[in-house]
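Me: I have a two-chain model open and some questions about it. Can we go through it piece by piece?

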Amino acid sequence: MRRAELVTAVILAVFSIYLMWKSTELNIGWVKYEGPGGGAWPFWLAGIMLICNIWTIVNWVRRSTPQSRSVEQFMDAHAIRMFVLVGGSVVGLVALVHVVGVYGSVPIFLLFYLRVLGRHTWRLTATVAAVAPVIIFFFFDVAMRIVLPKGYLEPLFYPLYDIFL
Amino acid sequence: MEIIQHLLDGFLIAFEPLNLGLVIVGVTVGLFIGAMPGLGSVNGVAILLPLTFLVPPTSAIIFLAAIYYGAMYGGAISSIMLGIPGASTAVATTFDGRPLALKGLADKALIAAAIASFFGGTVSIILFTGFAPALASVALDFGDQEIFALMLLAFATFVGLGGDDIPKTIFSICIGLVFSAVGMDIISGTPRLVFFDITGFLHGINFLVLAIGVYGIGEMLWTIDSTRGNPSMSKVQISVERTFTHMKDVLKEWKPAWIGSLLGFFVGILPAAGATPGSLMAYGISKMTSKNPEGYGKGEVGGVIAPEAANNSASTGAMLPMLTLGIPGSPTTAILLGGMVIWGMVPGPLMFVEQSDFVWGLTASLYAANFFAVVINILFIPVFLWVLKMPFTILAPVIFVLCLVGGYAPTEDMHDVWLMVIFGFGAYLLRKLDYPLAPAVLAIVLGPIAEPALRQSLIISGGDATVFFTRPIAGPITIIAIVLLFLPLVQLIRKKRKKAREAQS
């Protein structure tokens with residue numbers, strides 16, 4: 001935990017400096033008749049962020065916060081395994097949307113999650129994976145007229161569009 | 001009398017078939033969300049807000065407020081049955097709710113929670129109805145200076161009263177404000193903070209992207225990490241006869257109910273405080289003033305009543321500053337406020353004049369939501385118990401899918417969905433290091449209001465920052481904000497002096 005606290009504070013400090021630098025693309029000073037320039041607000045806020053990160057690092061050096069004293073592991077084997085599996089499957093879910101669209105990606109994700117991670121029966125897995133896209137389609141595409149991305153499966157939906165939209 | 005007339009008009013809106021239906025559905029959904037460990041009102045409202053684009057704004061907010069309300073009732077269910085709070089707001093309910101359940105009195109605890117929630121909810125709505133129009137009429141005179149001073153106060157309460165690590169809290173506020181600045185600079189009209197020239201950043205970072213990332217994906221990862229094994233559920237007997245005897249017992253406990261209701265309401269108004277500290281404080285005070293303080297923590301019914309009355313009362317209290325001043329009193333109301341902006345409304349005191357249907361419809365629907373919540377809660381206790389047995393490996397993927405479509409719906413841009421996933425992972429990792437994330441969500445909602453208020457104030461004054469101190473209303477607010485900002489520092493110095501004195505003697 002102690003190492004993670006320092007690494008995070010340093011990464012966030014670098015990010016704050018990047019934000020400050022990025023803000024200087026706009027005027028960060030006083031513009032006559034216009035008040036503070038467009039970059040001023042994010043610039044100074046990012047500056048405060050940087051100060052806060054330095055403060056956290058000082059606390060780390062002085063060991064004055066619980067995290068800077070903790071000898072507990074930041075992520076144990078179980079946490080890393082869960083994070084990689086669950087986080088990875090969520091990334092897969094979003095990435096697949098670009099290829100097979102929401103209606104291809106969602107069933108694949110649900111099949112994987114329920115069957116492989118949850119070890120549920122095939123019957124339950126298949127039911128959830130089949131029902132979810134149908135509900136989503138009628139709610140978003142049909143009722144709310146928010147056309148979700150279909151990827152390469154778009155042509156399969158033309159007949160459905162003709163009926164419902 | 002005018003208020004009663006407005007309220008009656010409000011009831012006509014709240015009892016329109018669509019709105020009444022949404023209240024009932026919202027309360028039921030909220031009860032389930034609240035009962036699920038790891039999900040609270042803020043998660044429910046953040047994930048489901050995109051679904052409300054289907055109905056008119058008044059109906060949408062009525063639905064979301066009903067979810068908010070229902071979740072406050074529902075949080076108690078898993079606190080009592082599983083011994084783990086269904087939401088952070090129900091933490092205090094576990095102290096006595098769990099021991100009661102272990103004694104075989106789970107049904108008594110559940111009924112006490114339901115009735116106390118109803119009582120707290122009713123008291124706070126009456127207070128809300130009385131206070132809101134008065135506060136709004138004062139706020140009508142507010143200019144940019146006052147608005148910015150109020151924003152400062154909202155953020156200062158997080159630093160002064162939030163109780164989290166101070167540099168991390170300030171960091172969280174600032175990063176939320178910076179994210180809200182991404183996109184177009186409203187005053188000069190130039191693109192700003194377009195990271196790596198990715199065009200997706202030109203339309204800014206929608207607050208829902210951060211809210212769903214933090215409260216949907218981040219929260220799920222956190223819950224999967226922290227719960228690990230399946231928690232065990234208490235056994236419960238339910239019969240009509242037992243229910244009535246319990247009700248009689250519960251109705252005798254009026255003192256903790258009043259303490260919880262009043263304290264919850266006023267603590268709920270403060271942006272950083274809200275339902276969780278409100279319920280903890282109510283528990284503490286109820287224990288202090290009880291005739292039987294030793295019984296608390298071992299299964300005293302008052303220990304369930306006080307926090308449950310408080311958390312429902314606080315949820316209404318949090319709506320008071322949201323509707324009258326445009327400053328949300330809790331993360332959930334911050335998301336409601338963001339929703340109002342999406343629906344094309346300008347939150348703040350003018351709503352009482354220009355959108356009085358909306359305001360009074362919502363107020364009246366809170367009365368209705370409160371009524372339905374207690375009825376549905378008591379009738380559905382067996383169903384909730386059954387649902388609590390549902391494994392997390394079914395709930396979690398369904399929520400992830402809801403996050404995906406919910407993140408896509410507001411802007412219809414896959415860029416936002418990716419950003420949401422990144423925010424979710426970041427939120428999970430930061431939360432493990434105790435970075436508070438609620439201030440960031442509040443800040444991304446308030447940023448687009450705070451920045452123009454500050455800049456316009458400075459333009460009007462010609463760069464003179466003392467305007468925030470010299471104006472009659474802005475002055476005191478700014479000073480209170482600054483006092484709150486430095487409060488933790490003062491406390492630290494006092495602690496050190498005390499230690500030094502003790503060391504000397």
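Me: Where is B:Leu193 found?
Reply: In this predicted model, B:Leu193 sits in the loop between β2 (191-192) and α9 of chain B.

Me: And its phi, positive or negative?
Reply: Positive, about 50°, although B:Leu193 is not a glycine.

Me: Is it buried or exposed, and why?
Reply: B:Leu193 counts as buried because it has 22 C-beta neighbours inside 10 Å; the cut-off for buried is 20 or more.

Me: What about A:Arg119, where does that lie?
Reply: A:Arg119 is in the loop between α5 and α6 of chain A. A:Arg119 is not a glycine, yet its phi is positive at about 55°. With 10 C-beta neighbours inside 10 Å, A:Arg119 counts as exposed.

Me: Which residues does A:His120 touch?
Reply: Not counting residues up to four places away in sequence, A:His120 touches A:Leu114, A:Arg115, A:Thr125 and B:Thr393. A:His120 lies in the loop between α5 and α6 of chain A. A:His120 is partly exposed, with 18 other C-beta atoms within 10 Å.

Me: On to α6 of chain A. What span should the helix have, and what are its end C-alpha atoms apart?
Reply: Helix α6 (residues 122-144) of chain A has 23 residues, so at 1.5 Å a residue it should span 33 Å; the end C-alpha atoms are 32 Å apart, which agrees.

Me: Where is the kink in α6(A) centred?
Reply: On A:Phe137, with an angle of about 25°.

Me: Which of its residues are buried, and what do they pack against?
Reply: The buried residues of α6(A) are A:Thr125, A:Val128, A:Ala129, A:Ala132, A:Phe140 and A:Asp141. They pack against α5 (102-117) of chain A together with α19 of chain B.

Me: What follows α6(A)?
Reply: A:Arg145, with a positive phi near 60°.

Me: Which residues touch the most other members in the largest nonpolar core?
Reply: B:Met151, B:Leu210 and B:Val441, in a core of 211 residues. This core also draws at least three residues from each of domain 1 (2-69) and domain 2 (77-164) of chain A.

Me: What is B:Met151 in contact with?
Reply: Leaving aside neighbours within four places in sequence, B:Met151 is in contact with B:Ile327, B:Leu446, B:Ile449, B:Ala450 and B:Ala453.

Me: How many Å separate the centres of domain 1 and domain 2 of chain A?
Reply: 39 Å, taken over C-alpha atoms.

Me: Last one, α2 of chain B. What do its buried residues pack against?
Reply: Against α1 (2-14), α3 (41-48), α4 (57-81), α17 (356-379) and α18 (381-387) of chain B. Among the buried residues of α2(B) are B:Leu22, B:Gly26, B:Phe32 and B:Ala35. Helix α2 (residues 17-35) of chain B has 19 residues, so at 1.5 Å a residue it should span 27 Å; its end C-alpha atoms are 27 Å apart, which agrees.

Conventions:
Residues are numbered from 1 along each chain as its sequence is written. Chains are lettered from A and ligands numbered from 1 in the order in which they are written. This is a predicted model: local features need pLDDT of at least 70, side-chain atom pairs count only at pLDDT 80 or more; totals for chains, interfaces and linings use all residues. A nonpolar core is a set of buried Ala, Val, Leu, Ile, Met, Phe, Trp, Tyr and Cys residues joined through C-beta atoms within 7 Å. A residue is buried if 20 or more other C-beta atoms lie within 10 Å of its own, exposed if 12 or fewer, and partly exposed in between; C-beta atoms are placed from the backbone. Domain bounds come from an automatic or database domain assignment. Two residues are in contact if their C-beta atoms, placed from the backbone, lie within 7 Å. Helices (H or I, at least four residues) and strands (E, at least two) are DSSP runs, numbered from the N terminus. The expected span of a helix is 1.5 Å times one less than its number of residues. The bend at a residue is the angle between axes fitted to the seven residues ending there and the seven starting there.
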